[in-house]
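Colleague: Could you take me through this one feature at a time? I would like the general idea before each case.

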Amino acid sequence: MKRVYLKKKISNRVANGHPWIFANEVQKTDDGLNAGDTVEVYFNNGKFAGKGYFNPKSQIIVRLLTRDKETEINEQFFINKIAECWKYRKKTGYIENCRLVFGEADELPQLIIDKFNDYFVIQTLALGIDVWKPACVKAINQIFRPKGIYERNDVPVRELEGLSQQKGFLSEPFDTRILINENGLKFNVDLENGQKTGYFLDQQDNRRAIQDIVKDAEVLGAFTYTGTFEIHAAHYGARSVLGIDISENAIEQARRNATLNNLQDVVKFETANAFDVLKQWSRDGRQYDVVMLDPPAFTKSRETIQKAITGYKEINLRGMKLIRPGGFLVTSSCTSLVSPELFLQVIDMAAKDARRKIRQVIFQTQSADHPVIGGIENTQYLKFLIVQVQ
């Protein structure tokens with residue numbers, strides 16, 4: 001196996017367990033190394049650092065798979081690792097629908113596998129794991145005997161690895177519009193054209209967290225996408241629910257989901273720009289008992305982090321102004337560059353500018369099928385907060 005040697009002065013991050021090695025941390029490499037090869041990595045003092053996949057086209061030149069020198073990286077390695085991932089999900093209660101593999105958190109960097117009952121969606125977001133995609137597909141077939149596997153590699157991040165965007169079947173073709181169950185409700189999922197892998201599994205526990213505060217409440221949901229939070233609110237006894245989203249396609253699917261659960265008389269959906277509507281409705285004096293905000297990521301770049309902070313502050317300020325005293329704000333951020341501490345600071349700033357007092361009810365992260373690893377920041381990206389607004 002070819003070798004990569006690290007510089008003497010590198011970040012303690014690597015020694016402390018982080019799987020990423022940046023190009024500027026490499027002293028030299030063996031001759032004949034090709035992009036996508038599996039390599040051994042050594043510290044400057046000759047000590048073994050790990051094995052991982054190599055890509056000189058990427059800023060992250062090596063992504064480590066193991067720290068054990070005796071472990072062979074082969075087809076069986078991926079079968080064993082995916083079996084371990086499944087064992088963890090079953091132990092933590094995620095069986096029907098779950099993120100089966102969560103990249104770095106499962107020691108399989110840049111591999112995402114979502115399980116929707118008997119159907120699977122796979123993303124291979126780095127060249128190294130893309131090389132092993134057939135092994136991952138074999139593992140899914142061997143462990144689960146699925147009804148179908150679909151590839152959702154239509155994401156721009158692959159281009160940073162020298163990969164093309166693509167999507168399609170990795171099994172015999174099947175109807176990619178499926179039904180799933182969550183918290184006693186049914187939802188349509190479009191594996192081929194839905195956002196990300198078709199459905200946001202990371203909020204499934206958080207959607208249960210609203211069940212008490214929405215009882216007999218008038219509820220407004222912004223950035224509703226396909227209506228999952230709003231339909232949960234109706235299911236949990238809200239008096240009325242209105243969901244808004246800028247996408248007409250998302251709103252149509254949200255309406256179908258409401259009808260699917262016989263909740264179309266309680267929950268309504270409208271196509272609207274949430275930023276404009278929140279501002280106008282607060283001026284109009286509209287009031288709700290609960291306002292729920294679940295926006296998309298506002299930035300993926302450190303250069304525009306201030307713009308994201310401004311956006312989060314704006315929507316949460318507007319949301320608070322729409323809440324009756326004693327009501328609740330349910331708010332999220334999936335921007336990984338916004339830390340939990342920074343997110344809470346933004347909410348506090350919004351409350352001060354809105355001249356409202358708040359008290360925290362719940363603050364948590366993504367569901368446990370997306371495990372968080374200390375020191376690996378991208379494994380903790382979701383912030384979910386409920387506050388009472390006085």
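**Helix packing, then the sheet**

Modeller: Start with a helix pair: the crossing of H2 and H4 is right-handed. A crossing is right-handed if the near helix is turned clockwise from the far one by less than a right angle, and left-handed if anticlockwise. This is a predicted model, where local features need pLDDT of at least 70 and side-chain atom pairs count only at pLDDT 80 or more, while totals for chains, interfaces and linings use all residues. Residues are numbered from 1 along each chain as its sequence is written, and side-chain values use heavy atoms, leaving out hydrogens and water.

Colleague: At what angle do helix H2 and helix H4 pack?

Modeller: Two packed helices are described by the angle between their axes and the distance between the axes. Here helix H2 (residues 75-91) and helix H4 (residues 133-144) pack at about 50°, with axes 9 Å apart. Axes are lines fitted to C-alpha atoms, for helices over the stretch in contact; angles run from 0 to 180 degrees between N-to-C directions. Helices (H or I, at least four residues) and strands (E, at least two) are DSSP runs, numbered from the N terminus.

Colleague: Which residues in H2 meet H4?

Modeller: Contact means heavy atoms within 4.5 Å. From H2 come Glu75, Phe78, Ile79, Ile82, Ala83 and Trp86. Among their partners in H4 are Ala139, Ile143 and Phe144.

Colleague: Now the sheet. In what order do the seven strands lie?

Modeller: Two strands pair if DSSP finds at least two bridges between them. The open sheet runs E16-E15-E14-E17-E18-E20-E19, with mixed pairing. Strands E16 (267-271) and E19 (358-364) are the edges, each pairing on one side only. Twist averages 15° from one strand to the next. Helix H7 (residues 248-260) packs on the sheet, touching E15 (240-245) and E16. H7 makes about 170° with the direction of E16.

Colleague: Is strand E17 largely enclosed or open, and why?

Modeller: Buried means under 20% relative accessible area (1.4 Å probe, protein chains only). Five of the six residues of E17 (residues 288-293) are buried, so the strand is largely enclosed by the rest of the structure.

Colleague: How many bridges join E17 to strand E18?

Modeller: Five, and the two strands run parallel. In E18, Thr331 is the bridge partner of Leu293, and Val330 is that of Met292. Strand E14 (residues 218-222) is also parallel to E17, through four bridges. Val219 has Val290 as its bridge partner in E17.

Technical notes:
Buried < 20%, exposed > 50% of the residue type's maximum accessible area, 1.4 Å probe, protein only.
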